[in-house]
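Open the model in your viewer and keep the sequence panel beside it. This tour goes stop by stop: what to select, then what is there.

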Amino acid sequence: MLTAHTKTGLKICLGNYYSKEALLELRKKEEFICPICGENVILKLGNQRIFHFSHKRGSTCHKFFESETMDHMEGKLQLYQWLTRQKIPCCLEYYDKEIKQRPDILFQFNGRKFALEYQCSTISESVFEKRTKTYLENDYIPLWILSSNHLKRNGNNVISLSNFSYLFLRKSSVGDYIPAYCSEKKQFHFIQSLFPYSIKNAFAQYSINPLEKMNINTLLAPSKKWFVLEYATWARAINHFTLKWTLHSHAAKDPFLKEIYSRNLNIFLLPPEIGLPLPHSYYLQTSPVKWQTYLYLDVISRKHPGETITLQEIQFHVNKRMKRNEIVIRKLPQLNEINPMVPVMEYFRELIKLNIFIRTGDTTCQVKRKIIIPTSEQEKKEAHEFFKGIYKSLGII
Ligand SMILES: [Zn+2]
């Protein structure tokens, strides 16, 4: 930990540029106390590690500090000093007695209170959700920053994100993003424009920004960079994903695969219209291939040209699949409310652009043509080639 009190009640925050000499002097004449538990703590001034306070062996004050890593202390110290340099009122390791929570940094900006948490260790989803909820209910804006060690890039624009990493997704005026920080290199990493193609893997805009070139505004609303996702690249990823899925040892028991075979669909011969990339498909943890296949089975394939599809019936089928956990909403506790119909409606809008439906009202559309299911690898290839052309001409991606 980086803050403690003296016996006389003076607050010592090691984020405030004390020299080693001054601290050695202070240590000679003062005793230091943990602001949370009131126990005596030791001021450590080693050469290898950053200066910090530490509880004595056998201390019971485990909840907040004892599992703290150097990476974590280093990171919050850098972020605290970065905020101070911008003259933003802030407090390191502020303990709110009312809510019994202690954000790494509390700061005030634009008349709002922010609780910054720089997270290096994995915590459970329920602890993350509870802390976020408590902050929100007490007028704090939570600002969770993930340690960049948790991120795994598989190429320029492909990233693996665990459910834990997705918890850090937050809103900004320019779109949703995941902020991460690397204390070793003093860099912020931003993940924006997410297009997941499986539970874990997604295409995304990934940018790295040196701390010294950033200010608080660029952290709260990082500018979006141009990112082109080519249809062919997307289609390859989807193919690869379906192949891996079916090779999985439990594939024979997979209820989804069983269901589609029983409906005469072959996972390897899906048409290009199933598994489209959509701006908000990250609201759903279920892969786009899977949930769009469900929509095809439940609604689209049952209609003939000229027939009407209503929003109400789409909603009904989505709800039914959600109740059975076949379509799962992603846990994104920092967004207000996740409406699964947002990506679903985006999907129907794409199908309208592709001339499969015609919009006939605010909540209705009519089938113009049926989606053609390929019956051979050759037909599938031709469909994809044809589709690539339309997709480009529509300027969708
Ligand atoms: Zn303590």
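**Stop 1**

Exposed means over 50% relative accessible area, buried under 20%, and partly exposed in between (1.4 Å probe, protein chains only). A salt bridge here is a side-chain nitrogen of Lys or Arg within 4 Å of a carboxyl oxygen of Asp or Glu. Both residues lie in helix H3 (residues 125–137), four residues apart, about one turn of the helix. Helices (H or I, at least four residues) and strands (E, at least two) are DSSP runs, numbered from the N terminus. By the salt-bridge rule the count comes to 16.

Before moving on, note the ground rules. This is a predicted model, in which local features need pLDDT of at least 70 and side-chain atom pairs count only at pLDDT 80 or more, while totals for chains, interfaces and linings use all residues. Residues are numbered from 1 along each chain as its sequence is written, and side-chain values use heavy atoms, with hydrogens and water left out.

**Stop 1**

Select Glu-259 and Arg-321. Their side chains meet in a salt bridge (2.7 Å, N to O). This pair links distant parts of the chain: Glu-259 sits in helix H7 (residues 255–262) and Arg-321 in helix H9 (residues 311–323), 62 residues apart. Arg-321 has 2% relative accessibility and counts as buried. Glu-326 is buried, as is Arg-321.

**Stop 2: the domains**

Color residues 69–220 and 231–394 separately. These are domain 1 and domain 2, with bounds from an automatic or database domain assignment. Their C-alpha centres lie 33 Å apart. The contact between them takes 23 residues from domain 1 and 20 residues from domain 2; contact means heavy atoms within 4.5 Å.

Next, select residues 68–223. UniProt, in an unreviewed entry, places the feature "domain: Competence protein CoiA nuclease-like" there. UniProt positions are given in the numbering used here, feature names are shortened, and annotations may be inferred rather than shown by experiment. Over residues 68–223 the chain is 24% helix and 35% strand, with the end C-alpha atoms 32 Å apart.

**Stop 3: the nonpolar cores**

Which residues touch the most other members of the largest nonpolar core? Select Phe-203, Leu-295, Ile-300, Ile-314, Tyr-347 and Phe-357, out of its 48 residues. A nonpolar core is a set of buried Ala, Val, Leu, Ile, Met, Phe, Trp, Tyr and Cys residues joined through side-chain atoms within 4.5 Å. Elements that give two or more residues to this core include helix H8 (288–298), helix H10 (341–353) and strand E17 (364–367). H6 gives the most, with seven residues. The core draws at least three residues from each of domain 1 and domain 2.

Zoom in on Phe-357. Not counting residues up to four places away in sequence, its contacts include Ile-300, Ile-309, Phe-348 and Cys-365. Apart from this core lies another, of 43 residues, among them Leu-43, Ile-50, Tyr-118 and Ile-145.

**Stop 5**

Select Arg-170, in the loop between helix H4 (163–166) and strand E12 (177–182). At 7% relative accessibility, Arg-170 counts as buried. Beyond four places in sequence, Arg-170 touches residues including Ile-141, Tyr-177, Gln-334 and Leu-335.

Then go to Gln-205, in strand E14 (residues 201–210). Gln-205 is buried, with a relative accessible area of 9%. Its contacts, again leaving out residues up to four places away, include Asn-157, Phe-190, Lys-225 and Trp-226.

**Stop 4: the cysteines**

How many disulfides are there? The count comes to zero, with a disulfide defined as a pair of cysteine sulfur atoms within 2.5 Å. Select Cys-13: the nearest cysteine sulfur, that of Cys-91, is 7.0 Å away. Cys-13 is buried, with a relative accessible area of 5%. Finish on Cys-182, whose sulfur is 10.0 Å from the closest cysteine sulfur, in Cys-120, too far for a bond. Cys-182 is buried too, at 11% relative accessible area.
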